[in-house]
Amino acid sequence: EEMTDFEALHEAGAFAFTDDGVGVQTAGMMYEAMKRAASMNKAIVAHCEDNSLIYGGSVHEGSFSKANGLNGIPSICEAVHIARDVLLAEAAGCHYHVCHISTKESVRAVRDAKKAGIRVTAEVSPHHLLLCDEDIPGLDTNFKMNPPLRSKEDREALIEGLLDGTIDFIATDHAPHTKEEKNTDMKLAPFGIVGLETAFPLLYTHFVKNGAWTLKQLVDFMTSKPCEAFDLPYGTLAPGAPADITLIDLEKEAAIDKDTFLSKGKNTPFNKMKCFGWPVATMAAGKLAYEEGRLVK
């Protein structure tokens, strides 16, 4: 409800400004933030959610919520914020980025804004590309995230939007929680799942191995395209670029095992799912950082 110190963050090296997990509820606040960000040629990165339309929901308003007697979060909760904000971004001359887009209405709003010449970008999370509310196997809180898993039609619209350029890239929305936090009922458990350690194998197995995407498309969605969206000098193997490199064994098949995660968060809906394409080593700025299941210090 109050503005951060944009200038100090800019001087400290911030490449964008965000509300991080809570939607900006007033248009006036968002417009002022956009104008200040635009004056520094920085983006506003938004979690899009109108609190007046949440209705105490814990899952998507759809077949699963109705079958289990849960309050549902309607798709319009997200889409109306995006529709508002793209017009504000146009007026402010600001780069506006939509986090973890999840509904077909949101995809339509972003697509229309891009066609109108508004500088808007968007990302989608792996779980929204892979799952819908029909896949939730009962009241398992590891399937509770925000935005929630939407309908099959929403999932299909997200895949289409990613491939046609409406959605710019993939981001995990990694949100770790302890076992104790998640070990409660669906209404009370915190939103969020982990995703950093499973994103590539899941997407490679379900989209590249079956021929739907090329390997280059997937790699671009997770490396160069995020950097292009924010004009960052990363995500490339060009001479002179930072040597941030991941080595992946595309033929390695293994089941996801949450107990082997390096993250303290084990809250994944994908436990025991078999996948191909596992990272075996990473380099950060030219130095080995990870190798075969262990961090290198």
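**View 1. Helix H4 across strands S5 and S6 in the predicted model.** Helix H4, spanning residues 76-92, lies across S5 and S6. Relative to S5, the helix runs at about 165°. Strand S5 (residues 95-98) is paired with strand S6 (residues 120-124) in the parallel sense, over 3 bridges. Within this pairing, His 97 has Thr 121 of S6 as its bridge partner.

**View 2. The open sheet of 5 strands.** The strand order is S1-S2-S5-S6-S7, and the pairing is parallel.

**View 3. Packing of helix H5 with helix H7.** Two packed helices are described by the angle between their axes and the distance between the axes. For H5 (residues 104-115) and H7 (residues 152-163), the axes come within 8 Å and cross at roughly 30°. Because angles under 35 degrees count as roughly parallel, H5 is described as roughly parallel to H7. On the H5 side, the contact is made by Lys 104, Glu 105, Val 107 and Arg 111. H7 contributes Asp 154, Ala 157, Leu 158, Glu 160 and Gly 161. By residue class, this contact of H5 with H7 comprises 3 nonpolar, 1 polar and 5 charged residues.

**View 4. Asn 142 in the loop between H6 and H7.** The loop that holds Asn 142 lies between helix H6 (126-130) and H7. With a relative accessibility of 16%, Asn 142 counts as buried, because the cut-off for that class is under 20%. Leaving aside residues up to four places away in sequence, Asn 142 touches Lys 182, Ile 193, Asn 267, Thr 268 and Pro 269.

**View 5. The mostly covered helix H9.** Of the 10 residues of H9 (residues 199-208), 9 are buried. These are Ala 199, Phe 200, Pro 201, Leu 202, Leu 203, Tyr 204, Thr 205, Phe 207 and Val 208. The buried residues of H9 pack against several elements: the helices H6, H7 and H10 (215-222), and the strands S7, S8 (245-255) and S9 (274-284).

**View 6. Glu 11 of helix H1 and its separation from Ala 157.** Glu 11 belongs to helix H1, which covers residues 6-11. The relative accessible area of Glu 11 is 70%, and this residue is therefore exposed, the cut-off being over 50%. Between Glu 11 and Ala 157, the separation is 146 residues in sequence and 39 Å in space, taken from C-alpha to C-alpha. Ala 157 is one of the H7 residues in the contact with H5.

How values were computed: Residues are numbered from 1 along each chain as its sequence is written. This is a predicted model: local features need pLDDT of at least 70, side-chain atom pairs count only at pLDDT 80 or more; totals for chains, interfaces and linings use all residues. Side-chain values use heavy atoms; hydrogens and water are left out. Axes are lines fitted to C-alpha atoms, for helices over the stretch in contact, and angles run from 0 to 180 degrees between N-to-C directions. Helices (H or I, at least four residues) and strands (E, at least two) are DSSP runs, numbered from the N terminus. Angles under 35 degrees count as roughly parallel, over 145 as roughly antiparallel, 65 to 115 as roughly perpendicular and the rest as oblique. Contact means heavy atoms within 4.5 Å. Ala, Val, Leu, Ile, Met, Phe, Trp, Tyr, Cys and Pro count as nonpolar, Asp, Glu, Lys and Arg as charged, and the others, Gly among them, as polar. Two strands pair if DSSP finds at least two bridges between them. Buried means under 20% relative accessible area, exposed over 50%, partly exposed in between (1.4 Å probe, protein chains only).
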